[in-house]
Amino acid sequence: MTIGLRIAFLPLTDAAVLVAARERGFAEEEGIALDLVRTTSWATLRDRLVYGQVQGAHMLAPLAVAVTLGLSQQPAPLAAPYKLNVNGNMLVMACDFAKALEPVIASRLADPLGTAHDFAAAIGLWRRKPVIGVVHRFSSHAIMLRYWLASAGVDPDRDVVLRVLPPSLTVEAMHAGEIDGFIAGEPWGSAAVEAGLAETVAIGERIWRRGVEKVLAFRESWLEENPHAVDRLLRALVRAAAWCDDPAHRDDLANLLARPDYVDQPAYLIERALSGGIVARAGEPPIVSPDFMLFGREATPFPWRSQALWIYSQLVRWGMVDHDAATATRAGAVFRPDIFRRALADSNVPMPGASMKLEGAVASPLAVGSRRGELTLGPDSFFDKRVFDPERIDDFLSGFAPLR
Amino acid sequence: MRIVIIDDSGLRASVLEEGLHEAGYDDIHIVPPRGGFVARLERMAPDVVLMDLGSPSRDTLEEMLTVSRALARPIAMFVDQSDEAMIGAAIDAGVSAYVVDGLRKERVKPVLELAVRRFNAFAKIQSELDEARSALSDRKVIDRAKSILMNQRSLSEQDAYALLRTAAMNQGKKIVDVAQALITASDLLGGGL
């Protein structure tokens, strides 16, 4: 019997796995008729999920935690049994602003810590408090940007203006001079670079290697009541993700995503994030960054609880939620490795033995304990070399110098 | 009660504004979601904000509601979270509403219901307009096919139309599709008009 599922998404390159699952038969093979609902704001995506207009959503991981904790309009317990990708963000700033930074872009991107300090110095030279677009208060982008700025002593709530706007309006806002730069998922950074409005200042992959990005979120109650549908969908997505990672399918995938009913941007711009060949300044050759955006390899989809807790630690750090043990537990429980294991029990997907790990502790590819097959975890380090121990959130938080 | 409609479709906003006026609300403002609309909105200090659910600017608005000092109290999307029928109707119609906390729900509910009705009415007008537009272009295609037939086969206008209609019926197609095929064929054969 075919199961009909509606899943909301935003027009972004990292909706790729859902699009491939629908368009290349992976969902159908599992008996799922997948209906993808294009949505233009995170608020509407959230409302469609919370009020049951869709069963699942392509959601910013921090937003799933925030909705569960009641920080974003109507509180609702959400559950994320699958990560749709890691990495894939890029901070771009107006070309004039970037003049105060390291001019050789490859060096600039390779040294996020140095660039953060250059950025701090550039703030004072700019004609106003730099206005940086972020896609949502509870986005991986905003959290990563805050983390990066603070490493150089920049207080993101005082020294810059963070302005929320949807990814699809970022380029227009740059053009109108309403913002001086933005951090967003692809292809929007590339679109601004291509238009000659901005150049790349940092890429997410160099700030937190394999940093958590979009998850597949469900209402927790729906997830518990529909194990069959969830398991079938996850099996379809794992195969779709492997297909998306395969360089042989890149052109096909870029063309699919370029369609007006998906991202509606030129395929050559979308292809940059898929291949990791990022053009950081208009007219320059691409800077190769093979891990720019991952979908399937290295157990990318596995929802490590420690990653939900890292997100929580950042919400606490920026005063968005009060810290207590019960809240931390609720935040961690949004990620559901148990469901991932159940769904893929009979597959050949290598399965991590643990549900939590030290985040940032893997500096080079590491073979780890797996229930089945070989599993190598890619480097997951933060650019500042910090390590997050999910059992010791307080210690981690007290390690950050207070910003004046 | 001050109501602000955030909308960049002039027609939809007017349809809603008119309905609200008729229902006796007179403090209504329309703000397009462009540039510094958030600052404008803040100065207006509305009691109710109505916005198209499909507008990409909802995240910007919500952020303002989160951090704004002018609207210090939190704002809820739907007045009565327990009224699932109302929520469903609002989402189906594409209405999102933000209401100053503390405003009595019996005062706001009629506004929301009216917004839902008016948004639905607008959607209907929109689809009728689309239909009218495509009817107009269909008419042009059929006229061109008719004149090809009239010239090539020396038919009267009436007979040309009858021929198109018969061909459409025999092939189980729409007249406009048969007419389009005829025009294409005629263009390819170099006999176009």
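Predicted model: local features only at pLDDT ≥ 70, side-chain atom pairs only at ≥ 80, totals over all residues.

Biologist: What makes D7(B) and G94(B) contacts of D52(B)?

Modeller: The test is C-beta atoms within 7 Å. Leaving aside neighbours within four places in sequence, D52(B) is in contact with D7(B) and G94(B). There's also a note from a record: an unreviewed UniProt entry lists D52(B) under "modified residue: 4-aspartylphosphate".

Biologist: And D384(A), why does it get the label it has?

Modeller: Buried needs 20 or more other C-beta atoms within 10 Å, exposed needs 12 or fewer. D384(A) has 16, which falls in between, so it is partly exposed. D384(A) sits in the loop between strand 16 (376-377) and helix 19 (393-398) of chain A. Not counting residues up to four places away in sequence, it touches L113(A) and S151(A).

Biologist: What about helix 1 of chain A, how do you know how covered it is?

Modeller: Of its 8 residues, numbered 16-23, 7 are buried, so with the cut-off of 20 or more we call the helix mostly covered. Among the buried ones are A16(A), L18(A) and R22(A). The buried residues pack against strand 1, strand 2, strand 3, helix 2 (26-29), helix 13 (227-245) and helix 14 (250-258) of chain A. After helix 1 comes G25(A), with a positive phi near 85 degrees.

Biologist: How do you know that strand 4 and strand 11 of chain A pair?

Modeller: Pairing takes at least two bridges between the strands. Strand 4 and strand 11 (residues 214-219) of chain A are joined by 4 bridges, so they pair, and they run antiparallel. One example to look for: Y82(A) has L216(A) as its bridge partner.

Biologist: What makes strand 2 and strand 4 of chain A edge strands?

Modeller: The open sheet in chain A has 5 strands in the order 2-1-3-11-4, with mixed pairing. Strand 2 (32-38) and strand 4 (78-83) each pair on one side only, and that makes them the edge strands. From one strand to the next, the twist averages 30 degrees. Helix 3 (residues 42-50) of chain A lies across strands 1, 2, 3 and 11, at about 145 degrees to strand 3.

Biologist: Which strands does strand 7 of chain A pair with, and how do you know?

Modeller: Same test, at least two bridges. Strand 7 (131-134) has 4 bridges to strand 8 (161-164) in the parallel sense, and 3 bridges to strand 9 (181-185), also parallel. Both counts meet the cut-off, so both are pairs. Strand 7, helix 8 (140-151) and strand 8 of chain A make a right-handed β-α-β unit.

Biologist: Last one: how many residues do the two chains bring to their contact?

Modeller: Chain B brings 15 and chain A brings 18. On the chain B side, helix 3 gives the most, with 6 residues. That side divides into 5 nonpolar, 6 polar and 4 charged residues.

Terms used. Residues numbered from 1 in each chain as written. Chains lettered and ligands numbered in written order. Helix = DSSP H or I, 4+ residues; strand = E, 2+ residues; numbered from the N terminus. Nonpolar A, V, L, I, M, F, W, Y, C, P; charged D, E, K, R; others polar. UniProt positions renumbered as here; feature names shortened; annotations may be inferred. Axes fitted to C-alpha atoms, helices over the stretch in contact; angles between N-to-C directions. Right-handed = clockwise from strand over helix to strand, strands pointing away.
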